[in-house]
Amino acid sequence: MPYSITVNGAVREVDVDPDTPLLWVIRDNLGLTGTKFGCGVAQCGACTVHVDGQPRRSCALPVSRLGNRQVTTIEGADGPEAKAVQAAWAARDVPQCGYCQSGQVMSAIALLREVKKPDDKAIDLAMNGNICRCATYVRIRAAIHDAAKALEA
Amino acid sequence: MGYESTGLSRREALSTAGALVIGLSLPFGGARAQGAPQAGPVDPNAFIRIGADDSVTVICKHIEMGQGPYTGLATLVAEELDADWAQVRAESAPADAKIYANFNFGVIQGTGGSSAMANSYDQLRHAGAAARAMLVLAAAQSWGVQPATLSVEKGVIRHAPSGREARFGQFAAAAGRLPVPPKVTLKDPASFRLIGQDRKVSRLDSVAKSNGSARFTIDMAAPGMLTVVVARPPCFGAKLASFDAAEALKVKGVVAVKPLSSGVAVYADGMWPALKGRGKLVARWDESAAERRGSEEMVEAWRGLAGTAGTVVNSHGDVDAALGQGDLVEAEYIFPYLAHAPMEPLDGYIEWDGKRANARFGSQIQTLDQATIAKVLGIAPQAVSIETLLAGGSFGRRAQGNAHLASELAEAAKAIGPGRPVKLVWTREDDIMGGHYRPLFVHRLRGSVKDGAIAGWSNTIVGQSFIKGSPFEAMMKDGIDPTMSEGASEIFYRTGAFRCDVHIAQSPVTTLWWRSVGHTHTGYAVECFIDQLLEKAGQDPVAGRLALMDNSRAAGVLKAVAELAGWNGPGPVNGRARGVAVVESFRSFVAQIAEVSKGADGLPKVHKIWCAVDVGVAINPDVVRAQVEGGIGFGLGHALFAEVPLEAGIPAVANFDKYRSLRIHEMPEVEVVIVKSSEAPTGIGEPGLPPTAPAVANAMARLGLGRPSRLPFVRVA
């Protein structure tokens, strides 16, 4: 089936089965590989993208249900929150293996757009769908606080 | 190369007519012997490339899977080269064991046993110093001055008397034409600018891993590439009997279906059609030789063995007599099968034209993988190139003695024929249900306390050996697999009479080393049991341990962590109790104190873990801290939640919904102190993990929750 989807501001045409998860459309059809496969059942968050600005697990979203909503992947992440989060991630040396971090970063950006100064509880709520097997959680938490401070300034 | 490994028996990797013969010595868990090579000339051209643009690229023989060797190895070079860190890069070395061997393994290129920095410390410092000397000589010749009159600082070569200066790029080509100096002088550690300095360098891979641009195996693509998923047997020891691909081949995008020795491969134009095709595949399995027991039956069988005498690994004194005196204390600890579940499931990419193959993946033991691919494709190992890519975690999973991933990858390429690049991808279900687990273990412990002192200690260990029958079997001596009892066969404490014996249990369930290997269970068993004995003897967990200890480095980290945490007994105070544990693994020493309360749900809530480590010279203190934080989180998550239970031989968990991983709200606060040391550096990829679970269990005991005798602590009935 042909679908017309909007990813990172550009309209893209793909011809895939209706049940194809957005994740595989992004990765295999569009070649945007920053979004990762981790579980395929919306349990780990490695595939997190923004759909109309909200964090969504792209592995569990069939392309046929996307409609004309706007998709943003890690490659298209931009704006003050994205810049602050990515700068804080690098400054704290958050990543270890790094495989989950695109998803972590996308969840953190969405959090800071909603809550300007998240406390630890808000961070727990926003981030507990993103598994990091390297357990970089101490630094993820610290980097989100850093990014919030940088945005305040 | 002027390096010789020190006195370790070894053979070159051979791919002979019938079998793959690899001589390996003392890798991983058994790596107690110093693997450090003798100092000698190192050809810097193998390890360092200096560009005309002044960039310094360090060629890394160790895989970057999160543990930080790209940054660490580059730090060693940059230190001796006096490079500008802003211009330092890292890339992976090709598979070539003659140049890039891990000295802990013999002539084998690979990463494991927390050995990357330990076995590279001298080598890469020599490489950096040699490169510096060659750049200086090239500059001196060009300027017509004596080399001794030049200085190097942050990537700039200077001749102070004339005021001339140049960056590395200007003399890189000329330096490359000079002979390698036979002898170089390494820096006095007192003058290190980067090594051991906190936050002087940032990780080389942080930016690319924060913006999605870091490339992993799963991101590989090429024109005409096919994505491959494999249907494998549902239980261990089963084999393919027959299959019907008719329905699978009707799925749009499915190109081919082929049998492999591991199962049935579905080839498609992308991951989704491959998965849909596999879903339509009908495969029948011969399960006649398969494991059909469930975990409960296996636990009972292992427990039965633990009640009988095993092969003695170490003993002194009359243990049976000692156990007959004073108060007898007994404990049993049961450890489940665990999956490694790295965030990036196993995957690989390969191109093969019939004569040469090029594989790109997270190869952790390149020499075994290279030989295996060569054997499957019927070509020479030299005709197989491997580009080691960033790996999305491993925790031991990619370090495969049987190279089963490389083998499956090569078979997938061979079955579809030359000229079709293939990308093999395992799903999370393939990963968690696919075996190669940390083995199920049972420990039976008995000790006696007489007149306030420990009089005897007996520890019987039962589990499978993943060394026996593998290319690593050379590690075994007198029928003993040292990775099963490391950490338990020699302990820090004077316990009177002592015995540690083991039984090797048998099952077709595949097993493999898992972050910290034997210490995953021995650390728990020993540190819980000593705590229990000290409690019985009425002694403080910290002071009691120190009083029984002769090892100054173990005592050093224990004292340091007690000071860091302001230890004042185990409590509980205001509902919070503290537990302690200290473990040596891979020649690094780590002590932890956990503060725990009983949560509203009755489950343990871990608030904070204090940690002291002694890793010798800490090359990158912040990477050490990161590995400790991660090791604690990995250790705690598995201790609390993780198990792969078998039901009639079939794994009863398949994904992260039931194979629970630690999440951010469960991560305790972590505070780390790195004990100053001038000892040679040792590893930290694994040693942060073993003390966590026993420290938490020892705190739980003081809360009246008991030291859990069966892991995980939170078990779903």
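Two strands are said to pair if DSSP finds at least two bridges between them. Helices (H or I, at least four residues) and strands (E, at least two) are DSSP runs, numbered from the N terminus. In chain A, strand β1 (residues 2–7) and strand β5 (residues 70–72) run parallel and are joined by two bridges.

The model is a predicted one: local features need pLDDT of at least 70, side-chain atom pairs count only at pLDDT 80 or more, and totals for chains, interfaces and linings use all residues. Residues are numbered from 1 along each chain as its sequence is written, while chains are lettered from A and ligands numbered from 1 in the order in which they are written.

**Sheet and helix of chain A**

- Val7(A) stands opposite Val71(A), which belongs to β5(A).
- Five strands of chain A, in the order β2-β1-β5-β3-β4, make up an open sheet with mixed pairing.
- At the edges of this sheet are β2 (10–15) and β4 of chain A, each of which pairs on one side only.
- From one strand to the next, the twist averages 40 degrees; axes are lines fitted to C-alpha atoms, for helices over the stretch in contact, and angles run from 0 to 180 degrees between N-to-C directions.
- Helix α3 (residues 101–114) of chain A lies across β3 and β4 of chain A and runs at about 35 degrees to β3(A).

**Domains of chain A**

- Chain A is assigned domain 1 (2–76) and domain 2 (80–152); such bounds come from an automatic or database domain assignment.
- The centres of domain 1 and domain 2 of chain A, taken over C-alpha atoms, are separated by 21 Å.
- Domain 1 of chain A brings 15 residues to the contact between the two, and domain 2 of chain A brings twelve residues; two residues are in contact if their C-beta atoms, placed from the backbone, lie within 7 Å.
- On the side of domain 1 of chain A that touches domain 2 of chain A, β3 (48–51) and β4 (54–57) of chain A are the elements that give two or more residues.
- The most is given to that side by β3(A), with three residues.
- The residues of that side of domain 1 of chain A comprise six nonpolar, eight polar and one charged. Ala, Val, Leu, Ile, Met, Phe, Trp, Tyr, Cys and Pro count as nonpolar, Asp, Glu, Lys and Arg as charged, and the others, Gly among them, as polar.

**Interface between the chains**

- The contact between the chains involves 48 residues of chain B and 43 residues of chain A.
- On the side of chain B that touches chain A, α6 (271–280) and α16 (621–641) of chain B each supply at least two residues.
- The most is given to that side of chain B by α16(B), with seven residues.
- That side of chain B consists of 20 nonpolar, 17 polar and eleven charged residues.

**Helix α6 of chain B**

- Eight of the ten residues of α6(B) are buried, and the helix is mostly covered. A residue is buried if 20 or more other C-beta atoms lie within 10 Å of its own, exposed if 12 or fewer, and partly exposed in between, with C-beta atoms placed from the backbone.
- Among the buried residues of α6(B) are Met271(B), Trp272(B) and Leu275(B).
- The cover over the buried residues of α6(B) includes α1 (22–29) of chain A, as well as β9 (226–231) and β19 (422–425) of chain B.

**Strands and domains of chain B**

- Chain B is divided into domain 1 (14–191), domain 2 (217–288 + 346–425) and domain 3 (295–338 + 436–702).
- Domain 1 and domain 3 of chain B have C-alpha centres 37 Å apart.
- Strand β6 (residues 150–153) and strand β7 (residues 156–159) of chain B pair in the antiparallel sense over four bridges.
- These strands, β6(B) and β7(B), form a hairpin with two residues between them, and Lys154(B) in the turn has a positive phi of about 45 degrees.
- Strand β25 (residues 604–614) of chain B runs parallel to β28(B), and six bridges join them.

**Gly401 of chain B**

- Gly401(B) is placed in the loop between β18 (384–388) and α10 (404–416) of chain B.
- Gly401(B) counts as buried because it has 21 C-beta neighbours inside 10 Å.
- Leaving aside neighbours within four places in sequence, Gly401(B) is in contact with Ser470(B), Pro471(B) and Phe472(B).
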